[in-house]
Amino acid sequence: MRRRWVWAGLLLLGVGVLGYSLWPRPTPPAPEAAPPPPHQASPPILFAERTVPIPEDNPQTPAKVELGRRLFYDTRLSKDGTVACASCHKPEFAFSDGGKPVSTGIFGRKGLRNAPTLTNVAFRRHLFWEGRSPRLELQAVGPLTAHDEMGLEPEELAQKLGAIPEYARAFQEVFGEAPSLKTVTYAIAAFERTLVSYNSPFDRYQAGDDSAMSQAALRGMELFFGEKGDCFHCHVGPDFTDDEPRNTALYTVYKDIGLARATGKDEDVGKFKTPTLRNVALTAPYMHDGSIQTLREAVQHYNRGGEPNLNADALIRPLGLTDPEVEDLVAFLESLTDRSFTTNPALLPPRGKGSTP
């Protein structure tokens, strides 16, 4: 009798163990995937964390910025009253000239170079395509007085604006003096320092939004910051530019000699400043003369290794990118587009006489 109870106990124990092993258990949730870290070669800080540099001799005030905005969009700053800064730097094209290889100045005169974007121009150490100007206030003198752009002599500009009561009053309020070439350029520079862009899908991805960029753009980012694509050596930092002049082997013989026009040195022939890539999808056509129509064609130029040129930058070489890789790089470049920048009301034309349409 005792042995029977022992066997019954063992049988119940076996059934319990078998039942425990077969009983369905809730599946533990899969560990949440960690967000991908920023690429090691990508900008080390978010653009929003940067501070716009302001020169000590031209402090930023709201009234000065507003005056600069009015001047920027006013065609009365040109000799024939048809051209404003915004005629060649249109906000909807990230302050470039919207599909034109070169811009049209007063009396229909054509320039020689493509109007560059003004995106984040406050951070540029060198201005103009060959980088000959060190600050915005000096750069603005060029287009205001050039015969194929706005074409006003300094005295003529001062007299013209001084005769407009609202400008005469505004310059007194902001600068305590009448309009002059200096105060005009200082006001325009103050406005240009507000042209900041840091809300592209790339920026949102860098800030932790994993869904901000497409898979193609993410693959393109790896190529961009990798040795195969090799874009990051020149297009570096938060604005994707090293601000240095380089010969990108666009031509074997350059009609426009670039930096050599300022230095007179043979080794500088064909060198132009590395442009920012922020909003680059909005700023076609490309290169200093607007000779490349699309982003894909621009990437293919570098993929081929350019044209034979004695001054070609050492980094220019055939890259060996496949067609899908070219498309991925283009997708990454498109992810640098910030639509909140091009539609920001504070950067758009103010209403008033003389403003561009």
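**Close-up views of the predicted model**

Asp97 is buried, with a relative accessible area of 3%; buried stands for under 20% relative accessible area, exposed for over 50%, and partly exposed for values in between (1.4 Å probe, protein chains only). The model is predicted, so local features need pLDDT of at least 70 and side-chain atom pairs count only at pLDDT 80 or more, while totals for chains, interfaces and linings use all residues. Residues are numbered from 1 along each chain as its sequence is written, and side-chain values use heavy atoms, with hydrogens and water left out.

**View 1. Salt bridge between Lys90 and Asp97.** A salt bridge here is a side-chain nitrogen of Lys or Arg within 4 Å of a carboxyl oxygen of Asp or Glu. Lys90 also counts as buried, at 18% relative accessibility. The model holds 26 salt bridges by this rule.

**View 2. Salt bridge between Glu156 and Lys79.** The N to O distance is 3.0 Å. Glu156 belongs to helix α6 (residues 154–162) and Lys79 to the loop between α2 (62–72) and α3 (85–88), so the pair links distant parts of the chain, 77 residues apart. Helices (H or I, at least four residues) and strands (E, at least two) are DSSP runs, numbered from the N terminus. Both partners are partly exposed: Glu156 has a relative accessible area of 28%, and Lys79 one of 40%.

**View 3. Salt bridge between Arg246 and Asp313.** The closest N and O atoms are 2.9 Å apart. Arg246 lies in strand β1 (residues 245–246) and Asp313 in the loop between α12 (295–304) and α13 (323–334), so the bridge ties together parts 67 residues apart in sequence. Both residues are buried. Elsewhere, salt bridges with shared partners join Arg50, Arg124, Asp203, Asp239, Asp243, Lys273 and Arg278 into one network.

**View 4. Helix α8 (residues 181–192) and its cover.** From first C-alpha to last, the 12 residues of α8 reach 16 Å, close to the expected 16 Å; the expected span is 1.5 Å times one less than the number of residues. Of the 12 residues, 11 are buried, among them Leu181, Tyr186, Phe191 and Glu192. The elements covering these buried residues include α2, α3, α4 (136–139), α5 (141–145), α6 and α7.

**View 5. Gln172 in helix α7 (residues 165–175).** Gln172 counts as partly exposed, at 44% relative accessibility. Beyond its neighbours within four places in sequence, Gln172 is in contact (heavy atoms within 4.5 Å) with Glu177 and Ala178.
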